[in-house]
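Please examine the structure shown below before reading on. This report describes how its parts are arranged.

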Amino acid sequence: MRHIPRTAAVNFGRGLRALTAAAIATGLLAAAACGGDSGGPSSSSGGGEVTLRFTWWGGDTRTKLTQQAIDAFQKDHPNIKIKGEFGEWSGYWDKLATKVAANDAPDIIQMDEKYLREYADRGALQDLKKSEGLDTGKFEEDTLKAGEFDGGLYGLNAGINSFAIVANPALFKAAGVAMPDDTTWTWDDYTRIAAELTTKLNGKASGSGAPGTNEAALNLWARQHGESLWTADGKVGVSQEQVTAFYQQVLKLRDAKAIPSAEAISQDMNAALDQSAMATGKLAMSWMWSNQLNAMTKAAGTELKLLRVPSVEGKASANGSYYKGSMFWSISSRSKHQKEAAEFVNYLANSTAAGNILLAERGVPPNTEIRAAVTPKLQPADAASAKFIQDIGKELGDPSPAPPVGGGQVEKIIQRYTTEVLFGRQAPDAAAKAFLDEVNGELK
């Protein structure tokens with residue numbers, strides 16, 4: 001989930017609109033007519049063997065653990081075969097969009113919040129509330145809401161996370177800087193501490209990475225000011241005034257030398273996780289989703305610590321944070337084996353056997369019973385992530401609305417304008433207007 005490529009042949013938001021009308025008519029629009037709202041077709045196996053295609057993105061560790069879960073499921077369900085289709089994030093959405101438009105969608109899809117409404121609104125996803133045998137009774141209500149809209153459930157939360165700051169305690173110690181009280185720190189505190197780290201580390205590392213390399217920090221900034229990046233009815237909810245203020249804050253960090261150079265930040269936006277500035281010890285703090293802590297810790301080779309994001313008021317309860325689905329399980333509305341697909345998703349979500357294999361690799365389990373069962377078995381970094389999620393629970397606001405159709409492009413767009421601001425090629429107000437104009441232009 002680290003980055004989206006700068007150029008892509010096809011993506012669901014823009015590229016799918018460029019596909020031929022015939023492809024759309026026979027692909028996504030056909031999906032809407034084939035059971036997305038009616039509960040979908042039931043199994044046509046007649047009791048015989050069924051093969052389900054299951055697609056996900058992720059690295060080697062995720063693929064290895066997912067295959068172990070598949071093997072365990074197949075052992076208990078010998079009539080259902082699961083064929084895995086996996087790859088890196090960078091090419092995943094191009095391939096998925098092409099397959100869906102060509103009427104060749106996998107049965108089970110690992111889905112991201114950025115594209116959930118995009119696919120669901122075009123009838124490509126099954127309403128899971130109508131899926132036979134799928135139990136959500138052990139899910140906390142807020143974790144279910146993340147995959148709900150327009151009265152349907154189109155993605156079942158596969159893991160809980162929250163946007164956070166990750167800190168390298170060893171670099172804090174080397175700089176002689178105390179770890180902040182993340183329950184009370186403000187944006188001014190964050191800027192001051194990051195600048196102090198840069199100075200005292202004397203060129204070995206910068207104090208922090210820059211907010212604005214994805215849209216999450218902007219969304220939290222907006223929520224701290226009574227707005228939101230998206231509205232519940234599928235529109236842009238952040239004002240030009242607040243996008244401008246956000247970019248002014250980014251410039252404060254730059255001018256205080258709290259963050260690296262514009263060149264370094266631009267390069268880091270598209271770096272693989274293990275080559276990122278945080279992983280290679282060039283940052284004392286960075287911005288990331290909490291479920292990435294274990295992978296980042298392994299890449300960095302040192303203990304890392306999650307911190308709450310700073311707030312305007314200096315109150316953790318006012319920092320705009322919320323529980324986000326790290327990713328979702330979705331079922332294609334075109335699957336010919338809806339019952340078996342739901343059975344597999346139910347296994348991933350509610351089986352202790354699957355939980356003991358997957359642990360917190362996709363985030364803290366949203367099923368409370370599975371969470372309790374696996375927590376003692378977690379790696380130290382995953383245990384720390386789970387504790388962080390537990391600790392912040394009472395401070396959080398309502399889940400942020402899912403991006404509207406076309407909203408999946410926002411990360412790429414904000415990266416471009418953040419770069420323009422950092423290099424001094426656009427002033428914050430001009431970048432804010434251009435950012436909003438372009439984002440609005442993507443929406444349908």
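**Overall picture**

The model is predicted. The protein has 444 residues, of which 59% count as buried. Its secondary structure consists of 19 helices and ten strands. When contacts between residues at least 6 apart in sequence are considered, 78% of them join residues at least 24 apart.

Strands of a sheet pair through backbone hydrogen bonds, in either a parallel or an antiparallel manner. Here, five strands form an open sheet with mixed pairing, in the order S2-S1-S3-S10-S6. Strands S2 and S6 stand at the edges with a single partner strand each, so one side of each lacks a neighbour in the sheet. On average, neighbouring strands of this sheet are turned by 15° against each other, direction ignored. S6 and S10 run antiparallel and are joined by five bridges. Asn 157 stands opposite Phe 328 in S10.

**Two helices on the sheet**

Helix H5 lies across S1, S2 and S3. Helix H6 also packs on the sheet, where it touches S3 and S10. Two packed helices are described by the angle between their axes and the distance between the axes. The table lists the angles that involve these helices.

| Pair | Angle |
|---|---|
| H5 and S1 | about 140° |
| H6 and S3 | about 135° |
| H5 and H6 | roughly 5° |

The axes of H5 (residues 89-101) and H6 (residues 113-121) come within 13 Å. Angles under 35 degrees count as roughly parallel, and H5 and H6 are therefore roughly parallel to each other. On the H5 side, Trp 89, Trp 93, Leu 96, Ala 97 and Val 100 take part in the contact, and they meet Lys 114, Tyr 115 and Tyr 119 in H6. The residues of this contact comprise seven nonpolar, no polar and one charged.

**A residue in helix H11**

Gln 242 is found in helix H11, which covers residues 240-255. Is Gln 242 buried or exposed? Buried means under 20% relative accessible area; Gln 242 has 10% relative accessibility and therefore counts as buried. Leaving aside residues up to four places away in sequence, Gln 242 touches Trp 221, His 225 and Glu 227. Gln 242 and Ala 222 are 20 residues apart in sequence, and their C-alpha atoms are 6.5 Å apart in space.

Note on methods
Residues are numbered from 1 along each chain as its sequence is written. This is a predicted model: local features need pLDDT of at least 70, side-chain atom pairs count only at pLDDT 80 or more; totals for chains, interfaces and linings use all residues. Side-chain values use heavy atoms; hydrogens and water are left out. Axes are lines fitted to C-alpha atoms, for helices over the stretch in contact, and angles run from 0 to 180 degrees between N-to-C directions. Helices (H or I, at least four residues) and strands (E, at least two) are DSSP runs, numbered from the N terminus. Angles under 35 degrees count as roughly parallel, over 145 as roughly antiparallel, 65 to 115 as roughly perpendicular and the rest as oblique. Contact means heavy atoms within 4.5 Å. Ala, Val, Leu, Ile, Met, Phe, Trp, Tyr, Cys and Pro count as nonpolar, Asp, Glu, Lys and Arg as charged, and the others, Gly among them, as polar. Buried means under 20% relative accessible area, exposed over 50%, partly exposed in between (1.4 Å probe, protein chains only). Two strands pair if DSSP finds at least two bridges between them.
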